[in-house]
Amino acid sequence: MEILVTIVIIAIIMAVAVWLFIAKQGDADFEFKVNERTEFKLVDQTEKTATFSCEVAFINKGSQDGTIMDAYPRHLLPYEQFDGVEVNSRMELTTALRTDNYFEAVIIPKGTGGIVIVTVTFTAKTGNIKDALQNLYDLSVDMPIDIVYQIVARTPWYIHKARMIMTCDEINRAMQAKGTAKWEG
Amino acid sequence: MAELELKPVGTRILTDKDNIVDMIEKYTKEDIGPDDVVSVAESVVAITQGRVARPEDFKVCFLAKILCRFVPQKGSLSSVYGMQSLMDAEGKWRVLFAMIIGMFAKIVGKNGVFYELAGSHAALVDDVTGTMPPFDKCLVYGPLEANGVAEEIKRRLGCYGAAVADVNDLKRALVVGASAGLDPKKLAHILIDNPFGNASQRTPIVIIKNYAAVERRTENLLSSE
């Protein structure tokens, strides 16, 4: 009986020790700093399309290295709210520029981070893009964009979202800055 | 006088739709001589064998979640999926046993015991990011029948020999399989500077030119002394 009790006590002590080790070790913890992103700038415009981009920093503030397996922007502009444009969005690392909207999995060591470029292209469904974005501005339509990212580290993979808002005021300012806005504020 | 020369060969991205021997023949046939040795990256052989798995497809056990915590975080087994893949391939009780013995061995100053006891898969699994797109989001296991693959390459191409190698930029080279008559340690030494490059899937083949000629010359020199 004493042997059994001793074994149980040893097992409990070992379990507690492992739990403490894991708790102290921690895990990766990612944050996309959407509130500190740069303002969207107009980077390209044609008769039918306007393309804007901004930069968003991210950091692994955890105590372990972590891997961003995948990441992409998810824009949310339902036709019930605004039906004048089609939207495409993509995201890329500043350290691995590419235009195919493929996010190559990357290890981010603890305490470090990086920057992603979010690019949004509006295409007018009818007419030209200036009129379409004018209409968007007149209707005061802001567009949420979720940065969706899949993380794997010491624990099983998970998907998080960080939301930012691309405002119609911001689009207006970007168009004016390029001198291509049809309106004057 | 023939000198040893390492010649990386680029290919398109190879997938499980490809036969590795056919692909090597397609991309190297014109460059291969009877004194040459053909080496191919083990991860690409594994990919063509379909030995790839997405983390999303694993059912992770409690033991994998615990044991991965005891692997330094630069290693492929430090993630739950790397550890689970090892357990699936070698058995979880074997991995647990290897981990316990490995820990005790480390305490007395002997490293690498875990990898010796946990099975061949332990050193060969590549975690996510270990290979280039489109396999960067997958784990890649070690190849099956690496010696057989090497023999088939040698037979098909008529070269001096062939090898399947795992090489990285950290000065680590391991010959996983080789055709008969080749010395794996000698080959690993030749490949230690990673001639496959970082993106080994785009240059997954390295031809070691004049291998046999240099070997013969060395043997003649040694016998004349």
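Helices (H or I, at least four residues) and strands (E, at least two) are taken as DSSP runs and numbered from the N terminus. The model is predicted, with local features requiring pLDDT of at least 70 and side-chain atom pairs counting only at pLDDT 80 or more, whereas totals for chains, interfaces and linings use all residues. Residues are numbered from 1 along each chain as its sequence is written, and side-chain values use heavy atoms, with hydrogens and water left out.

**View 1. Helix 5 of chain B, residues 92-107.** This helix has 16 residues and reaches 23 Å from its first C-alpha to its last, close to the 22 Å expected at 1.5 Å a residue, where the expected span is 1.5 Å times one less than the number of residues. Its buried residues (under 20% relative accessible area, with exposed meaning over 50% and partly exposed in between, for a 1.4 Å probe and protein chains only) are V95(B), A98(B), M99(B), G102(B) and A105(B). Seen down the helix axis, these buried residues fall within an arc of 130°, so they line one face of helix 5 of chain B; the arc is that of the directions from the helix axis to the C-beta atoms. On the other side of the helix, W93(B), F104(B) and I107(B) are exposed. The helix is followed by G109(B), whose phi is positive, near 95°.

View 2. The buried residues are V80(B), Y81(B), G82(B), M83(B), Q84(B), S85(B), L86(B) and M87(B). After helix 4 of chain B comes G91(B), with a positive phi near 100°.

**View 3. The hairpin of strands 8 and 9 in chain A.** Strand 8 (residues 143-152) and strand 9 (residues 158-166) of chain A pair in the antiparallel sense over nine bridges, pairing being assigned if DSSP finds at least two bridges between two strands. Five residues lie between the two strands of this hairpin, and M143(A) stands opposite M166(A) in strand 9 of chain A.

**View 4. F122(A) in the largest nonpolar core.** Of the 44 residues in this core, F52(A), I68(A) and F122(A) touch the most other members; such a core is a set of buried Ala, Val, Leu, Ile, Met, Phe, Trp, Tyr and Cys residues joined through side-chain atoms within 4.5 Å. Leaving out residues up to four places away in sequence, F122(A) touches residues including F52(A), I129(A), L133(A), M143(A) and M166(A).

Notes
Chains are lettered from A and ligands numbered from 1 in the order in which they are written. Contact means heavy atoms within 4.5 Å.
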